[in-house]
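Subject: Structure handover

Hello,

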Amino acid sequence: MKTKLITLIAMLLCGANIYAQDHKILVVYFSWSGNTQHVAEYIAEKTGGTLFRIEPAKPYPTEYKPCTEVAKKEKETDARPAIKNKVDGWDGYDTVFVGCPVWWWTAPMIINTFTESYDFKGKTVIPFCTYAATYRDETLAKIVELTPDAKHLKGFGAVDRNTKGITEWLKEIKMLKN
Ligand SMILES: Cc1cc2nc3c(=O)[nH]c(=O)nc-3n(C[C@H](O)[C@H](O)[C@H](O)COP(=O)(O)O)c2cc1C
């Protein structure tokens, strides 16, 4: 009886961690200037997830202004920019973090390409984004909208590459590993 009680208490105390360990986690992200990559790496480290960086087949301009112009055109034309790489063993993951920068008030169009390329049935999607100042909630909502077949957990938006609050968020959604 005593042993059972101790086990139960230990399970309750470790509750936040049991969940993360029971899941096979993929951390998918697109990043142009490195902020989302930084946040994705932080999430992967805290959850034990596997990282997957979405690589555009045609790289975006490295200069800011030309990049904004390409991104704007992609948005206006509802483009589906091609992706160069593929997730290995997609079916083996049950939980997928999907992250991106806010581009022109929403997710970059390459996120549409990604979400349309994989079957999200039976997956749990957790959106995250990085942004300078605006459209965090709209971008998180966009990722949810793009993955209608998945279940969703609460997302997170980081300003630039600030990781403050991420550990608490992962704990809240029970994705923090031991
Ligand atoms: C094309 C483009 C559009 C952007 N649009 C927005 C925006 O609407 N709102 C915002 O707060 N930040 C915007 N930003 C800033 C980025 O969201 C922010 O710097 C982000 O952290 C960059 O992530 P990355 O380094 O992973 O590319 C934009 C940046 C670019 C390049």
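This is a predicted model: local features need pLDDT of at least 70, side-chain atom pairs count only at pLDDT 80 or more; totals for chains, interfaces and linings use all residues.

Numbering starts from 1 along each chain as its sequence is written.

**Ligand shell.** The ligand is surrounded by 22 residues (C-beta, placed from the backbone, within 6 Å of it). The closest are Ser31, Ser33, Asn35, Thr36 and Pro101. Two or more shell residues come from each of α3 (35-47), α4 (64-76) and β4 (124-131). Helices (H or I, at least four residues) and strands (E, at least two) are DSSP runs, numbered from the N terminus.

**Helix α3.** Its 13 residues should span 18 Å at 1.5 Å a residue (1.5 Å times one less than the number of residues). The end C-alpha atoms are 19 Å apart, which agrees. Buried here are Thr36, Val39, Ala40, Ile43 and Thr47. Buried means 20 or more other C-beta atoms within 10 Å of a residue's own, exposed 12 or fewer, partly exposed in between, with C-beta atoms placed from the backbone. Just after α3, Gly48 has a positive phi of about 80°.

**Positive phi elsewhere.** Most residues other than glycine have a negative phi. Trp104 has a positive phi, near 50°. Trp104 lies in the loop between β3 (95-101) and α5 (109-117). Tyr135 also has a positive phi, near 65°. Tyr135 is in the loop between β4 and α6 (136-146).

Best regards
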